[in-house]
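Start with the view below, then read on.

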Amino acid sequence: MSDRTAFRTCPLCEAGCGLEIGLKTESDGRETVTRIRGDQLDVFSHGFICPKGSTLKHLHEDPDWLRQPHVKVDGSFVPVSWDEAFETIAQAIRPILDAHGRDAAAVYLGNPNAHSLAPMFYNRTLIKAMGTRNRFSASTVDQRPKEVSAAMMFGSVAVPVPDLDRTDYLLMLGANPLASNGSLCTAPDFPGRLRRIQERGGTIVVVDPRRSETAEVADRHLAIRPATDAHFLAAIANTLLEDGTAAPGPLTAVTSGLDELGELLAPFTPESVAASTGLTAEEIRDVAGELIAAPTAAVYGRIGTTCQDFGTVSSWLVDVVNLLTGNLDRVGGAMFPTGAAGQPSTKGEPGRGRGFRMGRVASRVSGAPECFGEFPVSVLPEEIETPGQGQVRILVTVAGNPANSNPNSNRMNAALESLDFMVCVDPYINETTRHADVILPPPSPLQKPHYDLALLNFAVRNVANYSPPVLPLETTQLGEGRILLRLAAVFNGAPASGPEAESAADLLDEQAAQGLAGAAVSDRFGNVAERSPSELMEAAGDRRGAERMLDITLRTGPYGDGFISGAEGISLATLERHPHGVDLGPLEEHRLPGILRTPSATIELLNDMLRSELARLSGSLADAPPQMVLIGRRHIRSNNSWMHNIGVLTKGRNRCTLQIHPDDAERLGIADGAPARVTSRVGELVVDTECTDVVRPGVVSIPHGFGQNAPGVRLRVAAEYRGVNTNVLTDERDVDPISGNVALNGVAVTVTPATP
Ligand code: SF4
């Protein structure tokens, strides 16, 4: 029996499902969660949840979730007060920064930051206070190529998403939303949305080296060779241009570079890419013909197209094909969401901006170019290992697990262990935080306010949904925003403990809000807010912290009352009155050219980096593929490296297996279920095999995020799991040259039998 019901958006993945949470008051006055199920009234998810959604209770009650700071003393973590933790940090970092400068500290932001409100605002306060150019994030083992290709074409990270609810034809590459629930495409109940495409007579085609769960339900599966998506897409684009069926329609007038495209793509005929892709020319021509013939169609590429060595050019080609088939920015095609916390379009005229620039600085050791203010994670170990001015000696991680999630884990672990000092904002003692000197644990998801600030900008429907915290903080806990502000204050040299430390954090919060309000109303893209910065601050009333920042952001967003004079625009108060969310309608077409931020005010199709990549791509047509390559995979009960401590999700058969085609297994003398040794340039591991024809011959697959049994890790359930860390095999040298994103798919490996 529940005494009360709360509603909250699930923060565990990009789908953002609405949850209905039952709560009971215990005899000591504390509330506990009785059950979690899908919120039937949620305007976006309509009751859908996956098996992970109901485990927020388990996460909240996980005994391994730290509830107060921990400091390492003589090799063991001991709980301390927040003041003691910040004092420890201050005393350790100040002499290092004084002696070696600000670049001696680096910061690494993990993927869960994108799902958490306070870090979305206060990580930038922390980074500013650190004053370092050594900034890293999980984006370069994930989606960075898509951000880069979108920014090159449109001038900002405006990523088109497939209009799932209205399309007639969906071509998906390297995406398995039946396991992941979608990524760079926020769509609760992705499986239901796919089913409805077929129910209305539409077609789904999946291109993937593995017959994934999504491929199983598709109308067609093309088992492409790993990391050859760019060949496949270039051949489709070239076919459309060659046979004269390419039809960008009204966007022709606002696109530059179309004339040159045909010449650059000429080497990629269906016949010329057949050997590299492992597909027939006929299969490729069929897809090109179907895309152009379908009333509406959308191409969508995800992790298989980004985490490979042609990541940026593959991501770019996804939208080139959307453009050439006339499906970019139209209903049923690839469309631009209008997030309530996003940027308004320029009214009327084509948008113009400074466009995308990268490479403003280069990393110290190997000269990797900066991109979106960061260096690729592939160079983090060398920046720690290599002596000299600017050597990284201090690392701050926020919700990140680079020891497990980044390539060449053995090297990364050794680098982390060699640091002078490490601070982790993280709830667990995991593969990464075991190396830390201080761990600052945030509260559980049920204790945090939530708004999907980033992910609703990739939603297949325009919605806005805010969730207040469901449960209060315990006396030993500190809010996530407050942790980041106090850490920032320490880097600023402010007192680390006592009332002065609190005042320093308050001041940073005030400055952050004023800065946000000032920036929001001085929009350089032609939008003039109806409210001044001081009016926005006043409108936020007594709110402080992330909620005040959110209120300002919403008021100055596309639906906000900062821009809609006289109308009731969206503010945080509006969302508080709508616990199931606010439906802002289906995606709008014709957002181009208003959302462009390129200097030419056109879709800039080409630049020298892409020309050079197309030349490299053309050269690769003749490359002989490695005999055996490794790809990743995902399971619906898993979420990168941080949900494996939940017993209800990990129970059952071992899912961390090496999937290998039966023909390969027989050739190599490996029996089904027997252990195999997998070796790459950088490492080797032994893993249980699973002989299955879901992978094509020449391809093996291991899921990522497992292998959490390293010494010192305190994840009692995950440590018992029979898994391996696939990033022992992935190679920090194998990166997409434009974005710096690591090629986690298509890794050359050898596989041999191993003795148990
Ligand atoms: S799909 Fe699952 S994990 Fe993702 S938001 Fe929905 S319930 Fe949460």
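## Ligand shell

The shell around the ligand holds eight nonpolar residues, three polar ones and one charged one. This is a predicted model.

Which residues are around the ligand? Cysteines among them are Cys10, Cys13, Cys17 and Cys50. Leu12, Ala15, Ile49 and Pro188 are also around the ligand.

## Overall fold

The protein chain has 24 helices and 29 strands. Its C-alpha trace spans about 70 × 70 × 60 Å along the principal axes.

What radius of gyration does the protein chain have? The value is 25 Å. A compact globule of 756 residues would have one near 27 Å, so the two agree.

## Packing

Of the 756 residues, 59% count as buried.

## A seven-strand sheet

Seven strands form an open sheet with mixed pairing. Their order is β28-β23-β27-β24-β26-β25-β29. The edge strands are β28, residues 747-748, and β29, residues 750-753. Each of these edge strands pairs on one side only.

How do β25 and β29 run? They run antiparallel, and four bridges join them. Strand β25 covers residues 675-679. Thr679 stands opposite Thr750 in β29. In general, strands of a sheet pair through backbone hydrogen bonds, either parallel or antiparallel.

Methods
Residues are numbered from 1 along each chain as its sequence is written. This is a predicted model: local features need pLDDT of at least 70, side-chain atom pairs count only at pLDDT 80 or more; totals for chains, interfaces and linings use all residues. Helices (H or I, at least four residues) and strands (E, at least two) are DSSP runs, numbered from the N terminus. The radius of gyration is taken over C-alpha atoms; the globule rule is 2.2 Å times the number of residues to the power 0.38. A residue is buried if 20 or more other C-beta atoms lie within 10 Å of its own, exposed if 12 or fewer, and partly exposed in between; C-beta atoms are placed from the backbone. Two strands pair if DSSP finds at least two bridges between them. A residue is near a molecule or strand if its C-beta atom, placed from the backbone, lies within 6 Å of it. Ala, Val, Leu, Ile, Met, Phe, Trp, Tyr, Cys and Pro count as nonpolar, Asp, Glu, Lys and Arg as charged, and the others, Gly among them, as polar.
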